[in-house]
Amino acid sequence: MGYRIRRWIADHWVLAVAALVLGYLLLPVVVVAGLSFNRPSSRLTYDFHEFTLDNWRNPCAAPGMCEAVWRSVQIGFLTTVISTVLGTLLAFALVRHGFRGRTAVNLLVLAPMATPEVVLGTSLLALLVAARVPLGFWTVVIAHVMFCISFVVMTVRARLSGMDPRLEEAALDLYASEWQAFLRVTLPLALPGIVAAALLAFSLSFDDFVVTNFTSGTTVTFPMYVWGANQRGIPPQVNVIGTAMFVVSLLLMLGTALRRRRPGRRAGRAGGPRPVRLRAAAPAPAPVSRSGRGHHGG
Amino acid sequence: MTGARRRLLPYLLVLPGGLWLVVFFLLPAVQLGATSLYDPAGSLTDGYEMTWAFGNYPDAVRTYWVHFVRSFWYAGLATALALVLGYPLAYVIALRAGRWQNLLLVCVVAPMFTSFLVRTLAWKAILADTGPVVGLLREVHLLAPDGRLLASPVAVVTSITYNYLPFMVLPIYASLQRLDRRLLEAARDLNARPVQVFRTVTFPLSMPGVVAGTLLTIIPAAGDYISAELLGTPREYMIGNVIDAAFLVRLDYPQGAALSVVLLLVILALTIGYLRRVGVEEVG
Amino acid sequence: MEGAQPGARLRLVELTKRFGGVTAVDRLDLTVPAGTFFALLGPSGCGKTTTLRMVAGLEEPTAGRILLDEEEITRLRPYRRPVNTVFQSYALFPHLDVFENVAFGLRRRGVRDVTGQVRAMLSLVQLDGYERRRPAQLSGGQQQRVALARALVNRPRVLLLDEPLGALDLTLRRRMQVELKRIQTEVGITFVHVTHDQEEAMTLADTVAVMNNGRIEQLGTPAELYEFPATAFVATFLGRSNLLSGTVVGRAGEDVLVEAYGERFSVPVVRARSTAGAVLLGVRPEKLRLVATADEVPAGHQAVAGIVTDAAYLGTSTQYLLRTGWGGELSVFAAADGETRPVPVGQAVVAHWHPRYAFLLPAGTSGDGSAAPVEAADAVPANGAGPR
């Protein structure tokens with residue numbers, strides 16, 4: 001009997017540990033959601049006190065928070081558009097064309113991801129100050145685009161390299177000019193990757209703190225608002241925003257996952273097992289947030 | 001499309017993005033180096049003079065070496081914890097989860113769906129003095145009756161580990177998922193017990209993932225200062241806090257720049273040394 | 001397809017392609033008659049696919065010309081050539097359904113009403129009713145037929161096929177071969193089919209060109225190539241051959257006298273590609289017969305004595321390996337005609353052949369420069385096919 005128990009433990013202890021770790025990962029998320037329904041006992045304490053729906057009913061009651069969120073949305077939108085365009089062009093050049101200096105461009109694109117965010121932020125600040133450029137909304141956009149390009153390139157590139165180059169040749173063979181081949185074959189097939197890259201860029205920009213902190217001057221984004229609030233007293237509404245971000249991301253992720261289940265929506269391959277898409281960067285379509293950037297942030 | 005235009009095309013595609021990166025990434029890097037060599041006696045209002053003040057470096061390191069050490073100590077600790085915690089999770093998802101794989105993966109990246117700062121703040125509530133965790137630890141005497149977890153290295157490291165755990169789990173998962181199950185069967189066929197199978201087959205083959213995960217965790221963790229600021233005191237401050245203060249509070253640009261450059265160089269050296277040690281081919 | 005000849009005559013003149021230091025296609029001269037089924041056969045890396053891509057316009061030739069009915073198309077972009085390709089991996093557009101895939105070429109050329117033509121073509125390849133399916137929902141054979149329909153619907157003057165049957169299993173491949181032949185005959189377009197499968201080339205093609213190292217070793221009908229190869233490479237790539245290295249020592253009337261391994265052989269001069277110097281005497285294994293002693297060899301036949309070292313029973317035939325007096329190896333395929341008794345291993349036998357089946361090749365003309373009988377006789381053709 002003791003043997004059976006020992007066997008059971010031996011077989012299952014790994015599962016137990018994994019479950020605990022999973023709990024560790026999900027606990028703060030649950031806490032954030034819980035805190036969004038919390039009325040704290042005072043401005044300076046940050047623990048559970050009383051249940052309330054007020055935070056959700058008046059999310060903008062916290063002074064300056066909604067402006068900060070809106071600022072983050074605006075910056076995020078601009079960053080997404082610019083970095084997606086620039087990054088997609090780069091990705092196409094790197095995947096579909098051979099040219100002199102290709103290795104250098106590859107390194108240039110890879111470098112920001114390998115650089116600590118502190119270094120990215122401070123170096124840009126140093127340049128802006130030396131060039132006497134006033135810090136504000138636009139310098140943040142510039143900074144965000146800078147580090148988002150790398151992620152856009154990685155994401156689009158992954159999609160493109162999975163695409164059979166013969167497809168474009170087939171289009172040419174079937175009387176499509178280079179431009180038509182691009183428009184009717186390459187672009188539709190690359191689109192999911194481009195959309196994923198755009199979502200990734202938005203989430204990276206929206207949640208960036210470190211680089212933004214150095215380059216924003218007096219402009220306040222949502223992460224910076226929270227940072228500042230740490231001294232003044234954290235309004236519970238930040239958890240409303242946090243929870244809202246979570247729900248939106250989750251819905252987007254489910255949405256794309258459901259769309260994928262429709263038959264025939266695969267690029268460059270006829271059927272085959274559904275790939276478990278995983279890269280250290282992010283699961284493709286979901287807006288993901290971290291301390292500003294992916295691998296080498298913070 | 002003419003031949004000439006076709007040959008020019010890649011350069012045209014690269015130009016906008018490439019230019020942006022050169023101007024806003026490379027150039028600032030150069031400027032950072034330059035700033036680190038400015039005369040420390042200057043100021044933002046009066047302007048800085050370039051005096052090739054290499055002395056800024058030893059000065060900065062001498063003043064803040066504790067923070068450097070602390071940063072890598074916390075980051076190293078967090079990485080080790082992330083490995084110990086993350087590997088079993090990655091293992092289960094890759095090799096034991098079957099149909100639940102995708103759901104579990106979503107759970108792993110779920111924390112990243114909310115704001116970094118907001119979820120770090122959640123630890124303030126979890127580890128609060130009046131919270132269940134502190135209560136339990138006091139109960140079992142792992143903590144003094146008036147002991148705290150907040151404003152301590154424990155809280156900071158816990159938070160850092162938490163925030164970068166997905167970056168450890170995902171590469172290891174990817175590595176394990178690529179594993180050919182038949183190798184495990186072959187090992188069992190050759191009389192290896194489960195622990196031995198793991199030690200001799202599974203773990204070595206997952207090394208690329210482990211190496212990638214380690215790097216992806218320790219590099220950002222070393223520069224992180226959000227956890228230290230939100231959950232710690234100046235006694236727990238890391239080099240990131242110092243650099244933040246240098247640029248934004250004390251406005252001591254040359255020193256801040258010197259510290260940034262040192263951080264970058266140390267991380268670079270660590271990465272190269274680490275990769276060389278494990279063999280670059282291992283990186284997945 | 002009625003009217004004037006729908007297929008064009010394809011002519012390649014000194015066509016060359018170099019990639020850096022490597023010459024993939026070396027001054028190829030080739031004429032494909034209009035409306036025929038032409039096969040370009042060779043091992044991987046011989047340059048056949050590169051040649052095809054140059055005709056399609058997907059590669060730019062380094063030198064040489066490509067002419068369609070004497071019109072030069074060498075520098076034209078692919079979308080300006082009346083040529084279409086069926087790709088090895090089919091290259092069906094995954095984001096379009098079968099109908100749109102087939103209609104793609106027509107639409108790019110501005111054809112308004114494509115329905116009729118698309119339907120007709122799908123009928124031709126026996127895929128009626130599949131219009132709305134996606135490529136991912138089709139089997140390999142079905143995808144291949146869609147690829148064919150997609151190319152044919154545009155009525156190209158020349159249809160290029162790049163190993164289109166490579167990914168199919170054997171039964172399906174045989175069936176598709178019959179289909180292709182039928183369609184080509186019905187439609188009358190010039191087909192240029194690239195393959196490494198010699199059996200496929202022989203079955204389908206009116207004319208076959210064997211390519212090796214960027215050059216054409218021999219061009220002719222399948223029968224010509226098989227019965228009278230021009231080089232040792234062709235002799236061993238198409239089916240199997242026993243090759244004995246020897247030297248021409250003289251002429252005797254209509255025959256060439258060859259000395260090989262201390263024995264004398266004669267080969268009719270009409271079966272000799274070379275009449276002087278070092279040569280390879282070739283005989284196909286199925287043309288050899290086994291008898292017990294030299295006395296039983298019919299008059300006029302050539303013979304070699306040996307000992308049976310291996311006998312493999314294959315049902316339709318028995319394949320023997322003989323060790324000759326000089327230590328070489330001969331391959332003999334004895335058809336199972338129900339009368340010949342199997343020969344046991346270790347038995348001394350005499351293998352004989354009628355001189356009209358032998359052929360004489362210049363030595364040193366196999367791709368790997370091998371002239372030794374052992375290697376040549378053991379060379380397995382690319383598809384591992386058995387005796388013919």
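C:Tyr320 counts as buried because 25 C-beta neighbours lie inside 10 Å of its own C-beta atom; a residue is called buried if 20 or more other C-beta atoms lie within 10 Å of its own, exposed if 12 or fewer, and partly exposed in between, with C-beta atoms placed from the backbone. The model is a predicted one, in which local features need pLDDT of at least 70 and side-chain atom pairs count only at pLDDT 80 or more, while totals for chains, interfaces and linings use all residues. Residues are numbered from 1 along each chain as its sequence is written, and chains are lettered from A and ligands numbered from 1 in the order in which they are written.

C:Tyr320 is found in strand 17 of chain C, residues 317-324, where helices (H or I, at least four residues) and strands (E, at least two) are DSSP runs numbered from the N terminus. Leaving aside neighbours within four places in sequence, C:Tyr320 is in contact with C:Leu290, C:Val308, C:Asp310, C:Ala311, C:Val332, C:Ala334 and C:Val343, two residues being in contact if their C-beta atoms, placed from the backbone, lie within 7 Å. By contrast, C:Ala230, which is 90 residues from C:Tyr320 in sequence, lies 26 Å from C:Tyr320 in space, C-alpha to C-alpha.

The chain around this residue, chain C, has 9 helices and 20 strands, and its C-alpha trace spans about 80 × 45 × 40 Å along its principal axes. Of the 388 residues in chain C, 45% are buried. Among the contacts in chain C with a separation of 6 or more, 67% are accounted for by residues 24 or more positions apart.

Chain A has 11 helices and 2 strands, and from the N terminus on its elements run α-β-β-α-α-α-α-α-α-α-α-α-α. Buried residues make up 52% of the 298 residues in chain A, and of its contacts between residues at least 6 apart in sequence, 79% join residues at least 24 apart.

Two helix pairs within chain A can be followed in detail. Two packed helices are described by the angle between their axes and the distance between the axes. The axes of helix 6 (residues 137-161) and helix 8 (residues 178-206) of chain A come within 8 Å and cross at roughly 155°, where axes are lines fitted to C-alpha atoms, for helices over the stretch in contact, and angles run from 0 to 180 degrees between N-to-C directions. That angle makes helix 6 of chain A roughly antiparallel to helix 8 of chain A, since angles under 35 degrees count as roughly parallel, over 145 as roughly antiparallel, 65 to 115 as roughly perpendicular and the rest as oblique. The contact involves residues including A:Phe151 and A:Thr155 of helix 6 of chain A and A:Ala197 and A:Leu200 of helix 8 of chain A. The residues of this contact divide into 14 nonpolar, 4 polar and 1 charged; Ala, Val, Leu, Ile, Met, Phe, Trp, Tyr, Cys and Pro count as nonpolar, Asp, Glu, Lys and Arg as charged, and the others, Gly among them, as polar.

In the other pair, the axes of helix 3 and helix 10 (residues 222-232) of chain A come within 7 Å and cross at roughly 145°. The contact is made by A:Met65, A:Ala68, A:Val69 and A:Ser72 of helix 3 of chain A, together with A:Phe222, A:Met224 and A:Tyr225 of helix 10 of chain A, and by class it has 6 nonpolar, 1 polar and no charged residues. A:Trp70 also has its place in helix 3 of chain A, residues 65-96, and with 13 C-beta neighbours inside 10 Å it counts as partly exposed. Although A:Trp70 and A:Phe222 are 152 residues apart in sequence, they are 8.2 Å apart in space, C-alpha to C-alpha.

The contact of chain A with chain C takes 22 residues from chain A and 21 residues from chain C, and the largest share of the chain A side, 6 residues, comes from helix 7 of chain A. No contact joins chain B and chain C, whose closest C-alpha atoms lie 9 Å apart.
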